[in-house]
Amino acid sequence: MRSLLWMQALLCAMLLFACSNDDDSNAPLPKPEPKELKVQVAADTKTNTATVNVANAPAEATLSLVLDVKRGKELDQATADKNGTHTFKLPLLAGYEQKLKLVVKSGATSAEVNNLTLPAAEEQYADEQIAQGLQKHKWLSDQKRSRIIVGHTSTNPYDMFVNKAVKHFEFLPNSKFTFTVTSPLQWNYPDGKWSVKNKRVDIDTRIPLGPMLLRNSRIQTLTEKEMAMLTEVDGGLFLLWFTSE
């Protein structure tokens with residue numbers, strides 16, 4: 001009797017062990033942990049450029065670099081490759097530190113990486129260089145390169161002023177400034193004023209809807225062929241590009 005009971009107990013144990021093995025074999029395999037999104041920023045102050053390297057994003061996700069300030073605009077957008085990587089290349093801006101965030105969108109999901117900072121480039125031109133360089137040419141706007149970086153607070157149509165209007169800036173002696181638009185309308189205001197102090201340019205002019213002040217303008221480049229300024233207008237920040245006429 002004892003032997004029979006012992007055999008029954010052994011058979012029960014073996015059956016339970018077999019059932020346990022069957023349950024384990026049918027259990028779903030654990031999913032791998034998602035990789036943590038990584039972003040690295042590297043700035044080169046000699047070339048005034050920066051790279052933002054993105055890794056471990058979802059494959060072919062939409063990646064957007066946005067200026068992380070109130071009314072900040074998108075600076076660049078790209079698609080991650082099949083490995084979830086991408087490298088952005090951005091210019092450093094003279095006299096302006098760029099605080100950015102990365103927005104990642106994949107299907108119905110999204111994520112953000114904040115506290116990305118591009119240092120300001122050096123403001124390399126002295127006041128006398130700026131004054132002489134601006135007066136040397138009449139400047140024709142380059143709408144394809146000009147852009148709004150921070151949205152303005154007024155109701156004036158500055159999007160058209162930046163991106164569509166064919167503009168001519170003329171910096172004349174004795175602080176005289178002439179502003180002309182040749183498309184999509186004709187407009188000329190010859191009675192404006194300009195000044196430069198501490199490497200910053202101020203322009204007091206007028207558009208058809210009323211006065212326009214371009215304040216605290218930081219010169220990004222000033223050569224025989226082109227000029228760019230980062231200027232404040234009605235709470236906004238505009239990057240305006242020009243070629244010499």
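This is a predicted model: local features need pLDDT of at least 70, side-chain atom pairs count only at pLDDT 80 or more; totals for chains, interfaces and linings use all residues.
The strands concerned, β1 and β2 (residues 49-55), run antiparallel and are joined by seven bridges. The points below take up the sheet, then the nonpolar cores, and then the salt bridges.

**The open sheet**

- β1, β2 and β5 form an open sheet of three strands in the order β1-β2-β5, and the pairing is antiparallel.
- The edges of this sheet are β1 (38-44) and β5 (86-91), each of which has a single partner strand, so one side of each is left without a neighbour in the sheet.
- When direction is ignored, neighbouring strands of the sheet are turned by 15° against each other on average.

**Nonpolar cores**

- In soluble globular proteins, nonpolar side chains tend to be buried together.
- The largest nonpolar core here has 32 residues, of which L63, L65, F88, L100, L102 and I149 touch the most other members.
- Leaving aside residues up to four places away in sequence, L102 touches V39, V54, L63, S64, L65, F88, A111, E112, V113 and L116.
- Another core, of 29 residues, lies apart from the largest one and has A131, L134, V162 and M227 among its members.

**Salt bridges**

- The count comes to six salt bridges, and three of them are described here, beginning with the pair E97 and K99, whose closest N and O atoms are 3.0 Å apart.
- E97 counts as partly exposed at 40% relative accessibility, and K99 is likewise partly exposed, with a relative accessible area of 41%.
- E112, one of the residues that L102 touches, forms a salt bridge with K101, in which the closest N and O atoms are 3.9 Å apart.
- K101 is buried, because its relative accessible area of 19% falls under the 20% cut-off, whereas E112 is partly exposed at 46%.
- The side chains of E224 and K136 also meet in a salt bridge, with an N to O distance of 2.6 Å.
- E224 lies in the loop between β14 (210-222) and β15 (226-233), and K136 in the loop between α2 (127-135) and β8 (138-141), so the pair ties together parts that are 88 residues apart in sequence.
- E224 is partly exposed, with a relative accessible area of 44%, whereas K136 is exposed, at 55%.

Definitions and conventions
Residues are numbered from 1 along each chain as its sequence is written. Side-chain values use heavy atoms; hydrogens and water are left out. A salt bridge is a side-chain nitrogen of Lys or Arg within 4 Å of a carboxyl oxygen of Asp or Glu. Buried means under 20% relative accessible area, exposed over 50%, partly exposed in between (1.4 Å probe, protein chains only). Helices (H or I, at least four residues) and strands (E, at least two) are DSSP runs, numbered from the N terminus. A nonpolar core is a set of buried Ala, Val, Leu, Ile, Met, Phe, Trp, Tyr and Cys residues joined through side-chain atoms within 4.5 Å. Contact means heavy atoms within 4.5 Å. Two strands pair if DSSP finds at least two bridges between them. Axes are lines fitted to C-alpha atoms, for helices over the stretch in contact, and angles run from 0 to 180 degrees between N-to-C directions.
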